[in-house]
Each structure stands twice: as C-alpha cells, then as structure tokens.
Amino acid sequence: MPGNTGAPAVVATAGHVDHGKSTLVRALTGMEPDRWAEERRRGMTIDLGFAWTELPSGATVAFVDVPGHERFVTTMLAGVGPVPAVLLVVAADEGWMPQSAEHVDALCALGVRDGLLVITRSDLMEPELARDEALEHLAGTPLAGLRTVCVSAATGAGMDELRRALDDLVSALPAPDVAADVRLWVDRAFTIRGAGTVVTGTLGAGRIRVGDELELATADGVRSVGVRALQSLGAAVPETRGVSRVAVNLRGLPREAVTRGDALLTPGAWLATDLLDVRLHEVRAAGSTGAGELPEELSLHIGAAAVTARVRPLGPDTVRLRLRHPLPLRIGDRAVLRDPGRRLVTAGVTVLDVRPPPLRRRGAAARRAGELATMTGVASAAAELGRRGFARRAELLAMGVTAADLDTTAHRAPGAAGWLVDPARATEIAATLVAAVTDHDNADPLDPGLPTEAARRAAGLPEPRLVEAVLRHAAQAGPDPGLALRDGRVVRSAARSLPAPVRAAMDALRTDLERSPFAAPEAGRLTELGLGPRQLASLVRAGELIRLADGVVLLPGADSRAVEVLAGLGPEFTLSAARQALGTSRRVAVPLLEHLAGTGRAVRTPEGGHRLARAQDDA
C-alpha cells in the first residue's frame with residue numbers, strides 16, 4: 001500500500017470469544033489479524049491484531065482486533081483504550097454472552113459512543129433474535145441505538161452494507177486535534193534486525209515526525225528518545241497524525257527498556273502522577289458502584305496501561321487512587337477500574353485532579369469530597385487557580401488546561417516567573433503582608449519593612465517575585481494595601497511606616513531644609529530633634545532623606561538642585577566657590593561633591609578643581 005501521511009480512522013473490535021471478530025476483520029481487509037501461530041492453531045485471538053482496508057469512499061480504516069476470552073480482558077482493554085469507535089460483534093447462533101456484557105461495560109466506562117453492532121454468522125441462524133437481544137442489553141448505555149448490520153463472513157452476505165456503514169461511521173467521527181500534545185500508549189514492542197526497537201500504538205491526537213525527540217514514560221521513570229523512522233498501515237511515512245495506527249522506530253532504546261502500557265509523550269507537556277482523584281461512573285454488570293463498596297485494591301486501565309491502584313473512598317461517587325507507579329494523566333481522562341480477582345469491570349472513572357492535596361487533618365476527606373462534587377472533569381485555569389491559590393503556567397497546561405483558557409485567565413491573575421496567583425487569593429495575601437509588615441514595624445520601628453524573602457515566607461508564596469505582582473494587583477484592584485517593594489523590602493508608605501515621634505521630627509527637619517536646602521543639620525540640632533543614627537537610617541530607607549555622609553543628610557532632590565546652582569559657576573570651579581554658591585559649609589560641600597561624582601554628574605579636574613560632567617563633555 002502506498003505511504004499515506006493522512007490519518008485513517010481506527011476502529012476496535014469487541015465481543016465474546018469465538019463470535020467471529022477476527023474472521024470479520026479478515027473478510028473486510030483480506031489480511032490476517034492473528035499474528036501468532038498459536039492463535040491460528042487454536043482458532044482464538046490471544047493478543048492484539050491489526051489490519052486495514054480502503055472503504056468505498058476511498059477513506060482508509062484500520063482495525064484493532066482484540067481477544068474475546070475472559071482471561072484476556074486486560075489485553076482487550078489495551079486495544080480499545082485509545083480507540084474512538086468500535087465494531088461490537090455478536091454471533092447470530094449464540095446471542096448475547098458474558099464477555100459481550102463485560103466488553104460493553106468497558107467501552108461505556110471509557111466513554112466510547114460511536115460504533116456499529118455487527119451480527120455475525122447470519123448464515124447459521126436468523127440474526128434478528130440476536131440483534132434484538134443485543135439492542136435490549138445496550139439500552140440505557142452510551143452505545144444504545146447503534147446502527148446494526150447483519151453479515152456472514154462465510155457467504156459474504158451483508159458485507160457490502162457493512163462497508164457502507166463503516167464509511168458513514170468514519171465520516172461522522174470528530175476530527176482529532178493535530179496540534180495536541182502527543183501521548184501514544186505502547187501496545188506492542190519488538191526488535192527489527194538492523195533497525196532496533198519498534199513500538200506500536202494508536203495515536204489519538206497530535207502528530208509525530210521522523211527526527212522528533214519525545215519522552216518515554218515507563219514504570220521506572222522518563223527518558224528521552226528519538227524517532228528514527230515511522231510506519232503507518234505498513235508503509236514508511238515522514239509523519240503521522242491522530243487518529244492513526246503507527247509504528248515508531250526509536251533511536252538508541254534497548255528492547256527491554258519498553259513494554260506495553262508505557263507512553264511516548266511530547267517532552268515537558270505531561271504530568272506523571274501516582275495520586276489522583278476521580279469520579280465513578282455506574283456499570284450495570286457490577287451492580288452498585290458506590291465508592292464505599294469498592295474493594296481496597298483494583299486495576300486501573302487507561303490507554304494500553306494497566307496499573308494496580310489502592311482505593312480510598314471520599315464522596316458517594318468520588319475516590320482517591322494511589323497507583324503502583326506514575327502514569328501521564330490529565331483532567332478529563334477516562335479510564336476503567338477492574339477487579340481482576342472477580343474478572344469484573346467495576347466502574348468507569350473520569351479524572352478530576354492529577355495533583356490532589358494531602359488529606360492529613362481531621363475532616364480533610366469530607367471537605368475534599370465536597371470540593372470534588374463541584375468539579376466537572378473539564379480542566380479550567382480559573383477553577384484550578386481558585387482551588388490551589390497559585391500554580392505554574394506549565395503545570396496548568398500539563399493538567400489539561402487549554403492555552404486559550406490559560407491566556408484569558410492570565411489577563412486577570414497576577415503572575416511572575418512562570419507562576420500565576422488566583423486574584424481572590426492575591427487580595428488575601430496582600431492583607432497577610434500588611435499584617436506581617438505591621439507586626440514587624442511595631443516590634444522594630446526603626447528597621448521598617450520586611451525583606452522580600454521574609455515577605456514571601458509570611459505570605460506562603462512559592463516565588464519571591466510574586467510578592468511584587470501581588471502588591472501591584474492589590475493596588476489596582478483596590479483597596480490599596482499601602483505597601484510597596486523598595487530596595488528589596490516590603491514597606492509601608494512613608495506616612496505609615498515611621499513612628500509618630502520620628503514623623504514629627506522629620507516634619508521639623510523638613511521645615512529647616514526647605515528654608516536652607518544645603519544646610520545639613522548639625523549634630524546638636526539632630527539631637528534636639530531626637531534623630532540618632534537609627535532614626536536617620538529609617539528616614540533614608542523611607543525615602544524622606546538622602547545621606548551624604550555620617551550625620552550629613554539633605555532632602556531628596558537636593559543633589560539635583562545643587563547641579564543647577566553649580567552650573568552657573570562656569571566650566572570649572574573650586575570647592576570654596578561651590579561652598580559659597582550653595583550657602584553651606586565645607587562639612588556638607590565635600591560629601592555633596594563626592595556624591596555628585598559618584599552618580600556621574602561631576603568630576604575632579606587634574607588641577608584639583610571640579611567640573612560638572614556635562615560641562616566636561618562640551619569642553
């Protein structure tokens with residue numbers, strides 16, 4: 001078959017053992033789906049088989065043929081897990097059977113709604129009775145009312161109608177998202193001489209190209225792998241898109257490093273979790289599926305993976321699962337819980353949370369159950385931020401939040417360094433910071449404000465740069481908390497951050513300096529006002545004064561005003577001329593000129609005088 005970079009539909013078979021699933025696939029495709037000699041010898045499928053054909057419209061459909069025996073339900077689930085549609089096969093001469101029911105339970109648990117009901121072996125018995133019985137069993141399930149086709153693979157009766165029905169089914173399936181992140185569940189792994197390790201699976205969405213670097217998630221962790229080559233429908237292709245059957249030749253990966261249930265992933269796009277909260281969905285064959293009636297240990301099936309899970313009931317229909325090893329999961333994923341001891345599909349589940357909070361305190365489980373009752377199983381950036389308070393943007397995307405939803409939420413939520421904070425939580429954090437700064441300032445009024453790291457700890461934020469983002473958001477959203485980030489400290493506004501005696505002394509000092517802006521107060525005046533070194537330091541930190549030297553302080557802006565005055569002295573001037581022009585003493589003029597030199601506004605000349613930087617440049 002010629003190479004095809006498009007995406008043929010993929011359909012899985014389902015049904016009781018020996019009802020003719022493989023025979024039907026063989027008749028449709030002319031290919032042998034049973035790959036093993038033992039399968040052909042016993043006339044029973046024991047592993048997944050694959051075949052494909054072209055339909056009358058020219059569309060291509062690939063089949064995943066699954067075993068029907070009750071001992072191979074795990075294999076059956078690995079085949080149907082990633083597949084969007086099903087051929088449910090019931091034999092006319094046997095009718096509805098136990099594995100028909102369990103397969104339907106599994107399909108419903110996985111959320112499969114599209115497919116065909118095929119009554120096989122119609123040449124052995126009138127098919128209407130089996131058809132009506134099957135439709136009765138499907139009533140009330142997501143598969144109710146499936147289009148039915150009665151066929152005989154032996155005589156060919158009904159096969160043309162089945163091909164037309166498949167054409168209609170394929171054309172009606174929803175288009176997959178080719179821009180989605182890749183998650184290819186491995187259902188088979190083998191080695192080809194000269195090529196190395198090859199894995200196969202059903203790609204549900206996204207695309208894989210030759211040369212791509214992917215991640216391989218296994219029970220032992222995650223490793224990087226390269227795509228050496230691709231095949232789809234038996235032909236080499238440069239890329240493949242969902243939904244399609246694909247074989248991926250992986251570069252530098254030993255065969256023993258990969259097994260069924262592992263997953264190929266878009267790098268950095270998925271969260272591997274061994275703890276998740278889920279909602280249960282009723283399965284009729286299992287009877288009541290209340291959370292409290294579940295066994296303590298079940299098997300979780302998703303994609304081609306099967307992992308032992310310990311079950312902790314939370315609400316009437318919600319449970320927490322602890323997996324034996326992590327899986328790459330997202331909010332909204334559908335999976336199956338099965339009791340392998342009783343060989344029974346126990347329940348379907350929808351993943352609600354892949355990063356659930358710990359349940360350590362008394363009453364935490366009950367509170368969590370109430371929270372889970374409000375969750376829809378659809379990832380929402382606003383909802384996740386509301387529950388968590390803050391989260392990384394990348395982690396929200398990995399949970400299943402769409403980029404568009406995240407961008408909309410980010411416009412309203414404060415953020416920094418890849419983090420976002422829930423707006424309501426930001427308001428609470430700002431109030432916490434006000435209290436923390438107030439407590440600190442009351443304890444040590446001459447050392448006002450909290451260092452940023454201390455503020456981060458007080459607010460419980462994961463990243464120091466979020467402190468400024470939260471304060472900015474609170475000031476814009478109102479009411480303004482009266483805090484600012486200045487010189488690495490969270491401080492109150494000057495009017496609020498100083499003790500009353502210091503504020504009064506500053507008011508008096510400001511009056512003095514407004515009359516004589518360069519007459520820095522003498523030590524006696526400072527003592528008279530009660531302004532010692534610590535009080536002066538607090539006023540400098542609050543932006544009320546600038547410090548030129550020990551005990552030499554002026555009002556903010558005095559240095560710029562001095563430049564204006566000195567500009568009238570000519571291109572070069574002496575210290576004495578500067579002192580007289582400024583109306584101050586040598587005690588002030590010397591550190592003031594040093595301050596201007598340190599800030600690049602004045603320079604010393606070779607002759608020992610001074611020159612403003614602009615005058616020097618012009619010269």
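Let's start with L233, which lies in the loop between β12 (221-232) and β13 (235-236); helices (H or I, at least four residues) and strands (E, at least two) are DSSP runs, numbered from the N terminus. This is a predicted model, where local features need pLDDT of at least 70 and side-chain atom pairs count only at pLDDT 80 or more, while totals for chains, interfaces and linings use all residues. Residues are numbered from 1 along each chain as its sequence is written, and side-chain values use heavy atoms, with hydrogens and water left out.

Is L233 buried or exposed? L233 has 7% relative accessibility, so it counts as buried (under 20% relative accessible area; exposed is over 50%, partly exposed in between, with a 1.4 Å probe and protein chains only). Its phi is near 55°, positive although the residue is not glycine. R121, in the loop between β5 (114-120) and α5 (128-138), also has a phi near 55°. Most residues other than glycine have a negative phi, and most peptide bonds are trans. V243 sits in the loop between β14 (239-241) and β15 (244-251).

Now, a sheet. Three strands form an open, antiparallel one in the order β23-β25-β24, where two strands pair if DSSP finds at least two bridges between them. At the edges stand β23 (390-392) and β24 (415-416), each with a single partner strand, so one side of each has no neighbour in the sheet. Three bridges join β23 to β25 (residues 419-421), and A391 has L420 of β25 as its bridge partner. Thanks, everyone!
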